[in-house]
Amino acid sequence: MKRDRSIQKKIDRQKVVNYMRANDLAAKEREAALHERQERRRKKRSRQLIFRLSMALLALLLVIVAILLIFPVYSSARMEAGTKATVKDFLRFHFPNAAFTKDSEKFDPDVPGIYQLQIKNGLFQYHCKLTIEDTTPPELEVKDLIAGITDSYEVSSFVESAEDLTDVTVDYGKAPDASLIGEKQELSILASDTAGNTTEKKATLFLLPIIYRVNLEAGAAAPDIHSFVTDEEINEEETYIVSDLSAIDFNTARENDIEVMYQGTAYPAKICIADTQAPVFTLSESFTSFLGESIRYKTHVTVTDNSGAYDLKIDTSKVNPDAEGSYPVVYTATDESGNSSSVEITLTVAKKTADEEALFSRVDAILAEIINDNMTQREKAEAIFRYIKDSFIFVNDSDKSNYVLAANTMLDLGQGDCYSYYAIAKAMLTRAGIKNMDICYYNRPIREHYWNLVDVEDGHGWYHYDTCSNEYVPERVCLWTTAQLMEVNDGRYSYDPSQYPPIP
Ligand SMILES: [Ca+2]
Ligand SMILES: [Ca+2]
């Protein structure tokens with residue numbers, strides 16, 4: 001019986017344990033289920049939050065896009081004057097087809113003001129108020145001024161530059177005192193734009209008791225002290241030019257700084273040389289040149305200028321040196337100060353001719369003017385000599401292939417060398433019926449010289465006759481004896497006597 005109760009107790013304890021275990025398991029399962037439910041709810045709430053935030057963001061973006069689409073243009077804009085602006089500067093977005101309409105007020109970016117603008121973009125038109133304002137003061141550069149006793153000056157004399165997008169007015173901040181002569185005074189200069197912005201700069205004025213600037217034309221003589229003072233009488237010990245004026249080039253346009261003593265005090269002064277006179281053509285003659293020869297453009301003009309220096313340009317663009325004809329040639333001389341003058345001459349390009357008949361008819365026409373039948377042979381030879389001396393100029397060049405060609409060329413060009421002079425003399429003497437002969441000293445390349453022998457039938461026989469005109473033949477060798485000729489012979493007349501008949 002006792003054992004049965006013990007067994008029964010064991011069984012009961014086991015039941016209690018089992019029951020407790022079963023109860024514990026159920027509790028854990030319930031807890032797990034609860035946790036799972038809570039997790040599901042938390043995840044759901046997160047998803048809902050993300051969804052709502054996304055929706056809100058999307059809505060915000062839609063609103064922004066809508067605003068930009070409906071209002072793509074700034075309703076008002078401000079711009080500093082001088083800023084370049086196009087329709088793009090008034091758009092929130094880049095719209096390639098946006099443009100100002102005809103209703104827009106025209107605006108100049110340099111002119112301050114308020115402008116009503118209309119901008120069209122697609123089907124829509126927008127309004128924008130543009131304010132152009134000037135808040136930038138003018139840029140002002142001033143200079144110090146020295147003024148002589150006869151100079152006038154005003155506020156603009158002190159201004160090197162005054163720049164602003166709008167009009168600038170310049171005025172004194174502190175005005176000069178005209179009674180302060182001989183000492184420097186400080187002024188202030190004000191520059192104001194139309195918007196009222198101002199800039200102030202200091203400048204110095206030095207009023208002199210003398211004439212500060214003496215103006216001269218290039219080539220003028222040096223001035224003396226009286227050019228710098230207004231006093232009629234001066235004490236030359238106290239008032240004089242200090243600087244050495246011989247160091248100044250009075251031909252060149254330039255401002256030269258000098259120093260002048262006036263009543264014992266030294267002052268600065270200037271000698272201002274200007275060149276206002278254009279170069280002058282003292283010779284400009286039409287001339288002939290022959291096919292195949294180089295054209296001597298420069299020998300037919302001479303130019304002078306008061307400055308002593310000039311540049312000569314020759315326009316030969318209308319000349320065809322390979323075709324006979326007459327062509328204009330323009331010479332333009334320009335001095336260093338830019339004064340210039342021009343002349344036009346005619347260049348004749350001709351074929352060189354050795355036509356003797358043509359030469360004789362040309363020579364006959366000249367002789368008809370200078371000799372007549374009442375003249376003696378000597379008088380005729382002298383008339384021909386004078387004509388040749390007066391009519392041709394010497395250049396160190398000629399074609400010496402034959403005298404006819406040389407004489408024709410001399411008549412065409414008006415110039416030639418000793419061979420040309422000999423040739424024209426030969427043609428004229430011959431056509432005048434005067435007996436003549438060629439003579440030369442020939443020792444190339446050292447020296448050669450050509451002249452004529454003439455017999456005027458006065459019983460003397462041959463005379464020397466040299467019409468050539470240049471610095472080496474300064475004499476008038478007209479019907480000279482050999483003794484006369486040898487007195488001036490420096491070598492050019494050293495002919496070989498054995499080649500010629502006796503020349504008394
Ligand atoms: Ca301004
Ligand atoms: Ca000049």
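The dialogue below takes these features in turn.

Mentor: This is a predicted model, in which local features need pLDDT of at least 70, side-chain atom pairs count only at pLDDT 80 or more, and totals for chains, interfaces and linings use all residues. Residues are numbered from 1 along each chain as its sequence is written, while chains are lettered from A and ligands numbered from 1 in the order in which they are written.

Trainee: Which domains does the domain assignment of the protein chain give?

Mentor: Domain bounds come from an automatic or database domain assignment. Here that assignment gives domain 1 (1-69), domain 2 (76-133), domain 3 (139-207), domain 4 (213-274), domain 5 (280-350) and domain 6 (356-499). The centres of domain 1 and domain 5, taken over C-alpha atoms, are 118 Å apart.

Trainee: What is the order of strands in the open sheet of four strands?

Mentor: Helices (H or I, at least four residues) and strands (E, at least two) are DSSP runs, numbered from the N terminus; two strands pair if DSSP finds at least two bridges between them. The order is E23-E24-E25-E26, with antiparallel pairing. Strand E23 (435-443) and strand E26 (477-480) are the edge strands, each pairing on one side only. From one strand to the next the twist averages 30°. Strand E25 (residues 463-466) is joined to E26 by three bridges, and aspartate 466 stands opposite valine 477 in E26.

Trainee: Which strands does helix H5 touch as it packs on the sheet?

Mentor: Contact requires C-beta atoms, placed from the backbone, within 7 Å. Axes are lines fitted to C-alpha atoms, for helices over the stretch in contact, and angles run from 0 to 180 degrees between N-to-C directions. Helix H5 (residues 418-431) touches E23, E24 and E25, and its direction makes about 15° with that of E24.

Trainee: How many residues of H5 are buried?

Mentor: A residue is buried if 20 or more other C-beta atoms lie within 10 Å of its own, exposed if 12 or fewer, and partly exposed in between, with C-beta atoms placed from the backbone. In H5, 12 of its 14 residues are buried, including Tyr419, Ile424 and Met428. Just after H5, glycine 433 takes a positive phi of about 80°.

Trainee: Why is aspartate 177 classed as exposed?

Mentor: Aspartate 177 is exposed because it has 12 other C-beta atoms within 10 Å. Aspartate 177 lies in the loop between strand E8 (168-174) and strand E9 (184-193).

Key
Contact = placed C-beta atoms within 7 Å.
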